[in-house]
Amino acid sequence: MTDLTAILRTCPLLAGLPPPALEEAAAMSRLRRFRMDEPIYAKGSMQSTLCVIAEGTVRISSVNAAGREATLIIFDAGAWFGDTVFSPDMPRVYGATAHEATTLVELPGEGFRQLLEAYPQTYPVALDLVSRRLWAAMSIIEDDALRSVDARIGRRLLFLAQIQGEGEAGTQPVTFRLTREHIANMMGMTRQGVHKVIKGFEQRGLLRLDYGRVTVTCPRDLQGYLRTLD
């Protein structure tokens, strides 16, 4: 039997909850499994749940009227998504899809808000993490407006490595399931344009490219190189 409490304990957003509150959260949660590329929820839907990734990865994306998907970010195990839990009357701004076979723990939005009310010591942790996400979004906008193509792609890969690693630019390799097409889609570029840049990173030993996967060999080294491009 899956230990929902243990999974929720890995979620940074819930780090401020004391053990009894985590047990309450687990009691009102459910486990859901998705196949690779199976939709989790659609852009515009009104459901309000906090999702914690137990296994697998999830891509957050937007789709235009012509059906073209733009990948915004990819989350790994332990990450949370479903920001509408903080604004329950708002529709989902983006859609979520299982990037590979994925298991989620879903906590109802109303239940999450009740826990925040009952355990107000959780608020500083939640506000800090939401603020960090806002900062990350603003940084991406800044990159698109001010930085070169090489810097934009490198900083996006570093960002992915940080959220799927330990949160900092460490020295251990970080691997994620990502193709050149995914990167091009994420950056709003052609596959050919992305290929030239990432091959340059690979030649410098900053990336390792395998079939369907990218490894940032040393996030700290990549971060140092990117500083030379600013």
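Leu146 is exposed, with a relative accessible area of 66%; exposed means over 50%, buried under 20%, and partly exposed in between, with a 1.4 Å probe and protein chains only. This is a predicted model, in which local features need pLDDT of at least 70, side-chain atom pairs count only at pLDDT 80 or more, and totals for chains, interfaces and linings use all residues. Residues are numbered from 1 along each chain as its sequence is written, and side-chain values use heavy atoms, leaving out hydrogens and water.

Trainee: In which helix is the place of Leu146?

Mentor: Helices (H or I, at least four residues) and strands (E, at least two) are DSSP runs, numbered from the N terminus. Leu146 belongs to helix α4.

Trainee: What separates the C-alpha atoms of Leu146 and Asp230?

Mentor: Along the chain, Leu146 and Asp230 are 84 residues apart. Their C-alpha atoms are separated by 9.2 Å.

Trainee: What span does helix α4 reach from its first C-alpha to its last?

Mentor: Helix α4 (residues 123-146) has 24 residues. The expected span is 1.5 Å times one less than the number of residues, and for α4 this is 34 Å. The span in the model is close to that, at 34 Å.

Trainee: Which residue in β5 is the bridge partner of Val58?

Mentor: Two strands pair if DSSP finds at least two bridges between them. Strand β4 (residues 58-63) is joined by six bridges to β5 (residues 69-75), and the two run antiparallel. In β5, Val58 has as its partner Phe75.
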